[in-house]
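Please read the following account alongside the sequence and the coordinates. It starts with a backbone detail and moves on to ring pairs and the ligand.

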Amino acid sequence: MNKEMVAVLFGGQSSEHEVSCVSVQTVIKNLDMDKYDILMIGITKEGCWLKADSIEDIKSGKWRESKTHAVLSPDASVHGFLLYEGNELKTQPVDIVFPVLHGLYGEDGTIQGILELSRIPYVGCGVLSSAVSMDKFYTKVIVDEIGVLQAAYEPVLAEELVDSESVAARVESRFDYPVFIKPSRSGSSQGVHKAKNHDELITYLKDAARFDRKILVEEMIKGREIECAVLGGYAPKASGVGEIVAAAEFYDYEAKYENAESKTIIDPDLPEEVVEKIRENAVKIFKAVDGFGLSRVDFFVTEDGKAVFNEINTLPGFTSISMYPMLWAARGISTKDLVSQLIDLAKERR
Ligand SMILES: Nc1ncnc2c1ncn2[C@@H]1O[C@H](COP(=O)(O)OP(=O)(O)O)[C@@H](O)[C@H]1O
Ligand SMILES: [Mg+2]
């Protein structure tokens, strides 16, 4: 049997660059080498595309010194990459691309757009679902439409902040403190803040505006953070659920990546009907955003047992301690099977 060539993309120009470099190692280690050959392409934070030679080079960061540049060609007749070193150029066709990229310029439909032009099947959500899910404001518009419970929100545009007092008055007429402030297209909790008073509101709106022109102010939801994995093409399935126990006031960047006290619990103690509601809504939301392949859908569960949608991630973390692979492992799907299933699904997209 001829092996298929799978290209994995990692790194990327987002705040989640480092996480991606770890996620991709899990994907590579779990790629069935009897079935696939692998091409590793790293994208530096500056946006330079380079061919990596080994998983060791990814681990050590040495791939950033690679002399082989890689261009993902939008030319469908190439069906792959142009690799060049100095003046030497060659084409490298691939069968499938697995973009293991989190956040902007990877999880937001931009890479997916080149892949559509190139006609190369790729793992995960398409252009529309990636773009909508990356943008918390547009996700909310869609989730309102299907009637799933979510935090009330007030959209704010960066240019409105020239008159920040009137923005604050608008927010204060709707919500009591504390409120959550977040850039519409954030990731890794960057620019996400909890404002406890008027002054903090104004300071944090200005901070969020550094990350995106569109900002959301949300009512605070007091509850546990529960996540659900979705896998599949046009008949997607939900996993069980997992809980994030943040070792901080909320699940901020430090709590996510630097504080070993933050914990993940698979199948936490929750009433059966709450778990079922979350699983059902996770699939409903995945379908509503036109999801394909995989996503992790995040909720809050309030003290009185209400499941409140928070956000959907179309390329969730894939590290050894990430919720997405752990949730499937708990359902008997090993990470090796998971990676194979995702690659097979890529070929089913229509
Ligand atoms: N409306 C809210 N109420 C309570 N906590 C929130 C709210 N929005 C966000 N948070 C907290 O902030 C964290 C990061 O926000 P989130 O919307 O998930 O952005 P990101 O895409 O950066 O993960 C969440 O995991 C949660 O701890
Ligand atoms: Mg989040």
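Tyr105 is partly exposed, because its relative accessible area is 44%; buried means under 20% relative accessible area, exposed over 50%, and partly exposed in between, with a 1.4 Å probe and protein chains only. This is a predicted model, in which local features need pLDDT of at least 70 and side-chain atom pairs count only at pLDDT 80 or more, while totals for chains, interfaces and linings use all residues. Residues are numbered from 1 along each chain as its sequence is written, chains are lettered from A and ligands numbered from 1 in the order in which they are written, and side-chain values use heavy atoms, with hydrogens and water left out.

Tyr105 has a phi near 60 degrees, a positive value in a residue other than glycine. Its place is the loop between β7 (96-99) and α3 (110-118); helices (H or I, at least four residues) and strands (E, at least two) are DSSP runs, numbered from the N terminus. Asp267 also has a positive phi, near 50 degrees, and is not a glycine. Asp267 belongs to the loop between β14 (263-266) and α9 (272-288), and with a relative accessible area of 52% it is exposed. A further backbone feature is the cis peptide bond between Tyr177 and Pro178, with omega about -5 degrees. Pro178 is in the loop between α6 (164-174) and β9.

Next come the aromatic rings. Rings of Phe, Tyr and Trp (its six-membered ring) pair if their centres lie within 6.5 Å; planes under 30 degrees apart count as stacked, over 60 as edge-to-face and the rest as tilted. The count by this rule is nine aromatic pairs. In one of them, Phe180 and Phe250 have ring centres 5.0 Å apart and planes at 90 degrees, so the pair is edge-to-face. Phe180 is in strand β9 (residues 179-183) and Phe250 in the loop between β13 (237-245) and α8 (253-257), so the pair ties together parts that are 70 residues apart in sequence. Phe180 and Phe250 are both buried.

Phe318 and Tyr324 form a tilted pair, because their ring centres are 5.8 Å apart and their planes are at 40 degrees. Phe318 counts as buried, at 0% relative accessibility, and Tyr324 is buried with a relative accessible area of 0%. Phe318 and Tyr324 belong to a cluster in which ring pairs also link Phe98 and Trp328.

What surrounds ligand 1? The shell holds 19 residues, and the closest are Lys136, Lys182, Ser189, Glu225 and Lys256; a residue is near a molecule if one of its heavy atoms lies within 4 Å of it. The shell divides into seven nonpolar, five polar and seven charged residues, where Ala, Val, Leu, Ile, Met, Phe, Trp, Tyr, Cys and Pro count as nonpolar, Asp, Glu, Lys and Arg as charged, and the others, Gly among them, as polar.

A polar backbone atom of Glu219 is 3.0 Å from a nitrogen atom of ligand 1. Oxygen atoms of ligand 1 are approached by polar side-chain atoms of Asn310, at 3.1 Å, and of Glu311, at 2.9 Å. The elements giving two or more residues to the shell around ligand 1 are β9, β11 (214-219) and β16 (307-313).

Note on methods:
Polar contact = N/O pair within 3.5 Å; in protein donor to acceptor, adjacent residues only side chain to side chain.
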